[in-house]
Amino acid sequence: MRGGLILDMENKNALITNAMLTVYIDEKNMDYTKMLMPFIEATIYDLKYSVGDNLSVNTIKEKTNSEYGLDLKDKVVEKILYKLYKDKNGAILKYTYRNKSKLYTLLKVPDVKKFKQVKSNMTDVVKSVILEFVTYYNNEHIVKKIDYNKGQIIFVDFLNKYNFEIYNDINATNNIMINEHVASDMYYVAKFIIEEHNKKHNHQENCYNKLLMLQEGYFAQNAIYYFMNGEIEATPSRKLSNVYFVLDTRILIDVLGLNYAVDADSMAELLELIKRNDGHLCTYEYYMNELKGIIDKYVLDYDSRIYLDLAKFRDSKMSDTQIRVYNLSLKDKLEDKEVTILSPQEYDNMVSSQNWHIDYAALEDDILKSVEYQNKREDIGFINDFETLHAMSYLRTTNKKNIYVFVSSNFDLVKVADRLLNREKLKHTDFGLAISDIDLTTLLWLYNHNDKPNLPSLTLLENAYAAIVPDKRILNKVINVINEKVQSNDKTVKEMALTLRYSEYLLSGISEVVKNDTNNVSPDIVDNLSNHVKNEIRKELAPQIRKKIIDEEYESIHEEQSQKVISEINGEIDSLRKELEEKNKENVYQKQELDKREQQLLKRDSDMSQKVDRVTEERNNYFSEIERLRKIEHDKINSKAFYISNGFMWIVRIISFMFIMYAILTTGYNCFQSFMSGEKIIDSLINNIGTIITYIPLPSIIFGFSRKVQKIVYDRLQHFLLRKSEVLNQSNKDTQ
């Protein structure tokens, strides 16, 4: 179904309420009743109900309308009151149902402090925006001036018309047939919005964020209206996995970015939200062919170019050949954007089998009465739109799994689809048979509010740029004036008019000069437009001309400097050559000196080698002599030690032998004396046993160990003599 306004924008507080809606967007649960609940609570407070009073739904509805501009239905007010009764945080109402009537009784006066603060803040926001606009408007007009109230009316008219009342022609997006003076006022609102956006972009003081709050309020209004007037849940499913959005020709233009950049950006954001929510994009083959026909018309009919929404071709200065090549690859480009191309719907004899049919005549009449087609029933636009609505109704009846929704920028066509849905009693879903691109944008923005999509800004700019583009009435009037000049007998005037007629700057010139005011269209406008075109050409060529002048100056300066530099380089080369020759001479002399020095060093090395050999030989001889002396001295010491130790051994042996012989002789003598005295020899031996024991064993032992004693004495004496030898000590010192 078609969205709309829930606010009476003629109400003086409606714009403030519009801004307040943005504050009450519940990021966790996007329920429109919760967004409206603070206004109902404030209305109950304003009506000064006391605890125990019964509330009147009609009184609350009328007070909400008069105080805040909200146009709510009885069932919406009742739904909000019921939620206040069911509030888990503390119900302020009591609900009773008696005799088929609903009764709401106040239990507690609502707390509206926060609401009043929000209202105060949004009042300041709205006043700030309107005052800024009034100042801008009056600065742009020398004679015509407006006050705050008039400024608010103009601003509200712009928001209303470009959010809800735009009618899109198949050939021109912005052909909004509105009052001439209103169109001019819309132009200044648009220029004000664009200027504030540019200020923000350049980090200057601006009110663009406040403008965005007003645009978001319109989004919220549209979404609430959609929920209030449709048979869908207040919080619809955010996933669109079974929803297929069928795009018409006008939408395809923005999908491919063939018109203005801001339109392409806005559409790209919308398509991204559809994909993010698992939705599907598609179009019928005949819509693609219709777009191909429009592009072919642009190539073949130069007079029609100014009316066609193909600004990309004009601005990028694409040649006819490039445009034709682009047109040939149109299907691939759509598929690159993830848009599926559908074949025309086949109905499988559903009509003949009487399983399904619609009233064809009623649908045709409804479309022709509601939408203006150039060639009526023969118009390709009518044929395609009729076939699409026919297919949508068929798929809604026969396809139980998926939902197909026609997306169009033609609001009247969407209304026709709503009437078809109700007339044929087709299945209701979260979406009707058709939806406008603005409504779809609004709903997806609301569903994805947590992700902070940039749609409000893009839509606001899109509307602003749409408002500054002249409508068909002004274009026709200007073209007629130019065509009259083309017929002039003055060759200069004729050439100027022809150049102007087919200039890519004509459309921007009309916008800049006429300012959407037909009073500014006069025969003199050709001169003004021509000056505009010349200025635009100068702007375009200025960088190239500036670059050429700089290049020429640079070449002149470069040539002069080059000759000077060459002379300096030649001088430096001569200087370096002389310096190199001097260094070569010096190097030759140094080489000769080095050769002499090398010969001296070689001779010295030879002499030194001979001396080293001689010293080595003397050293070896010296060490040999020392070794010989050491050996002689060592032999002497060994011989001396041997003789002394050997002598000592024989002395010990002789003394030991003497003791033994003494003991034997003494014992023999004593035994002889005893024998002579008559004693027995054995007794005499026993009596002299002490002498034997005393003088024989020890000397015998000493005699037996005399060789070992000799060895010990030899070692000790040798060691002593070696240590005391002066010859050996001196030889050791000499060796060291």
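The questions and answers below go through a few spots in this structure.

Modeller: Quick heads-up: this is a predicted model, where local features need pLDDT of at least 70 and side-chain atom pairs count only at pLDDT 80 or more, while totals for chains, interfaces and linings use all residues. Residues are numbered from 1 along each chain as its sequence is written, and side-chain values use heavy atoms, with hydrogens and water left out.

Colleague: How many helices does the protein chain have?

Modeller: Here helices (H or I, at least four residues) and strands (E, at least two) are DSSP runs, numbered from the N terminus. The protein chain has 7 strands, and its helices number 28.

Colleague: Is Pro38 buried or exposed?

Modeller: Look in helix 2, residues 32–46, to find Pro38. Buried means under 20% relative accessible area, exposed over 50%, and partly exposed in between (1.4 Å probe, protein chains only). Pro38 has a relative accessible area of 13%, so Pro38 is buried.

Colleague: Which residues does Pro38 touch, leaving out those up to four places away in sequence?

Modeller: A contact means heavy atoms within 4.5 Å. Not counting residues up to four places away in sequence, Pro38 touches Tyr24 and Phe115.

Colleague: How do helix 15 and helix 16 sit relative to each other, parallel or oblique?

Modeller: Axes are lines fitted to C-alpha atoms, for helices over the stretch in contact, and angles run from 0 to 180 degrees between N-to-C directions. Helix 15 and helix 16 pack at about 130 degrees, their axes 11 Å apart. Angles under 35 degrees count as roughly parallel, over 145 as roughly antiparallel, 65 to 115 as roughly perpendicular and the rest as oblique. That makes helix 15, relative to helix 16, oblique.

Colleague: What is the N to O distance in the salt bridge between Glu364 and Arg377?

Modeller: A salt bridge is a side-chain nitrogen of Lys or Arg within 4 Å of a carboxyl oxygen of Asp or Glu. For Glu364 and Arg377, the N to O distance is 2.5 Å.

Colleague: Why does that pair tie separate parts together?

Modeller: Glu364 lies in helix 15, but Arg377 is in the loop between helix 15 and helix 16. So the pair ties together parts whose separation in sequence is 13 residues.

Colleague: Which side chain of opposite charge is nearest to Asp379?

Modeller: Lys and Arg count as positive and Asp and Glu as negative; His and the chain ends are not counted. Asp379 is buried yet has no salt bridge. At 9.2 Å away, the nearest side chain of opposite charge is Lys297.
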